[in-house]
Amino acid sequence: MSEETPFAVRMQGIVKQFPGVLANDHVDFDLRPGEIHALLGENGAGKSTLMNILSGLYAPNAGEIAIFGKPMRFRSPRDAIKAGIGMVHQHFMLIESHSVTENVILGLATPRFRLRIKQAGETVAKLGEQYGLHIDPETAIWQLSVGEQQRVEIIKALYRGAKILILDEPTAVLTPQEAEELFRILKHMAGAGHAIIFISHKLDEVMQIADRITVLRKGKVVGRRLASETNKKALARLMVGREVLFHLEKAPIQPGKAVLKVENLQADNDKGLPALKGISFEVREGEILGIAGVAGNGQTELGELLTGLRSSKGGRIFVAGHDLTGKAPRDFIDTGVSNIPESRVEDGSVGNLNLVENLMLKGYRQTPGLFLDYRQWWQKSEKLVRAFDVQGASLRTPARLLSGGNLQKLILARELSSQPRLTIAVHPTQGLDIGATESVRKILLQQRAEGKAILLISEDLEEVQALSDRIAVMYEGTIIGIVPPETPREEIGLMMAGTPHKTETQ
Ligand SMILES: Nc1ncnc2c1ncn2[C@@H]1O[C@H](COP(=O)(O)OP(=O)(O)OP(=O)(O)O)[C@@H](O)[C@H]1O
Ligand SMILES: [Mg+2]
């Protein structure tokens with residue numbers, strides 16, 4: 001990249017003020033063709049806001065944007081697309097029942113749709129080949145894995161002529177294998193001259209994929225680095241403004257009585273196919289049992305069964321000696337089971353309710369009397385929001401306006417403050433920045449030290465190994481083995497692919 005390389009993107013002095021929050025405070029950002037540029041920052045630092053401005057979704061209060069040297073003023077996403085900007089959002093915007101090609105051309109002014117679809121299909125196939133985005137143009141979206149759907153979003157952007165691609169936390173929803181595949185594709189695209197902006201909280205990934213890194217803190221740029229001239233520790237310090245531990249102390253604990261007992265549990269998935277084929281295990285007091293596995297091997301269904309959100313076809317669930325088989329979510333809550341669900345937006349929170357109301361969602365039953373003691377909840381909420389460091393909002397803010405990570409912290413605050421006996425934690429640190437990840441992991445270890453039982457379902461093998469006392473590996477609806485956390489990663493990887501382990505513990 002020579003000095004004369006024209007900027008693909010040049011943003012200068014960008015300001016975005018939301019009620020009560022200065023989300024972008026005079027941000028300068030640039031991007032060159034052929035470059036992969038990572039945008040880093042804590043939850044609520046203003047990354048998505050800046051990218052929503054670049055993609056024409058929000059208008060800035062001040063600042064200039066130039067694309068390939070030309071000053072731009074976007075009035076809508078359509079303007080940004082015309083200028084060559086494509087955005088892959090974290091929540092895909094595809095129509096499930098439509099084919100890949102139909103989704104790609106949807107929304108484009110295409111006269112004689114039927115005639116065009118064949119042509120479009122050929123272009124989709126060609127783009128796929130050119131960038132290694134292997135996908136069958138005629139498959140319906142619902143048949144695709146999450147990783148494949150993401151490729152459709154990328155093809156959609158390329159089809160519209162995107163030269164600048166923005167990916168907002170693209171790996172948060174991918175398995176490690178899918179993430180590797182995505183990196184291969186992104187490198188290929190950068191090699192072909194595209195400019196790519198990549199948002200992630202995972203520093204290993206950022207170091208692996210990015211050429212350059214811009215770090216935001218509380219709406220301001222606090223640093224710009226070449227990946228070749230920095231490291232994880234330095235980036236973490238820039239982001240958080242203090243040292244961050246990458247290793248956690250896990251004190252040895254003698255586990256107590258079984259809190260959760262699962263016997264021969266069987267269940268179907270949403271498509272009516274067997275998802276759990278008779279699994280049995282226990283989680284004891286003072287123990288974290290990790291569930292590892294490639295997504296789609298029954299973990300989601302297991303998490304739902306253990307919180308009353310899905311019914312079983314056979315087998316039993318006992319919590320602290322109570323038979324909760326077939327019981328409702330309320331019975332699980334009343335027995336002391338807390339739940340950090342997989343989909344925080346749909347299952348974990350109510351967007352239009354404010355922070356206090358969201359914190360009350362489950363606890364209100366415990367308040368005696370018909371009228372809720374709102375003032376008491378208000379005080380409790382103030383404490384929780386402080387303790388769990390939920391930022392960027394007042395207690396009156398509706399939950400939907402929180403940044404991804406802060407919404408997550410709010411749910412954790414509610415679930416972990418209810419003094420649960422058993423916590424079912426599904427991807428508890430997904431989408432969280434490193435500081436928040438560190439505090440969530442500490443909180444889970446604290447619960448363990450207090451003699452609580454924790455079932456940790458996570459695709460992040462590093463996390464499972466760091467926190468668990470034992471690791472159960474799921475494969476095609478069964479537990480293929482339970483191993484100690486020191487087991488080499490490659491051996492757990494083999495189990496995840498269906499090979500039983502030789503030295504099992506129970
Ligand atoms: N539409 C909105 N209305 C009001 N406030 C908003 C809106 N969108 C974002 N904010 C606030 O602006 C700040 C920046 O949010 P943004 O989503 O850009 O953060 P982020 O860096 O992407 O965080 P995360 O890593 O959690 O996704 C946050 O405090 C957020 O609550
Ligand atoms: Mg964001």
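**Ligand 1 and two further features of the model**

Good morning. I begin with a contact at the ligand: a polar backbone atom of Gly 46 lies 2.9 Å from an oxygen atom of ligand 1. That is a polar contact, meaning a pair of N or O atoms within 3.5 Å; within protein, one atom must be able to donate a hydrogen and the other to accept it, and residues adjacent in sequence count only if both atoms are side-chain atoms.

This is a predicted model, in which local features need pLDDT of at least 70 and side-chain atom pairs count only at pLDDT 80 or more, while totals for chains, interfaces and linings use all residues. Residues are numbered from 1 along each chain as its sequence is written, chains are lettered from A and ligands numbered from 1 in the order in which they are written, and side-chain values use heavy atoms, with hydrogens and water left out.

On its own, ligand 1 has 640 Å² of accessible area, of which the protein covers 88%; the areas come from the Shrake-Rupley method with a 1.4 Å probe.

Which residues come nearest to ligand 1? Of the 20 around it, they are Gly 44, Lys 47, Ser 48, Thr 49 and Ser 403, where a residue counts as near if one of its heavy atoms lies within 4 Å. The shell divides into seven nonpolar, ten polar and three charged residues, with Gly counted as polar and Asp, Glu, Lys and Arg as charged.

As to elements, β2 (21–31), α1 (47–54) and α14 (404–416) each supply at least two shell residues, and α1 gives the largest share, three. Helices are DSSP runs of H or I with at least four residues, and strands are runs of E with at least two.

I turn to a sheet. Four strands form an open sheet in the order β12-β11-β14-β15, with antiparallel pairing; strands pair if DSSP finds at least two bridges between them. β12 (274–284) and β15 (322–323) are the edge strands, each with a single partner, so one side of each has no neighbour in the sheet. Two bridges join β14 (residues 314–319) to β15, and Val 319 stands opposite His 322.

Thank you for your attention.
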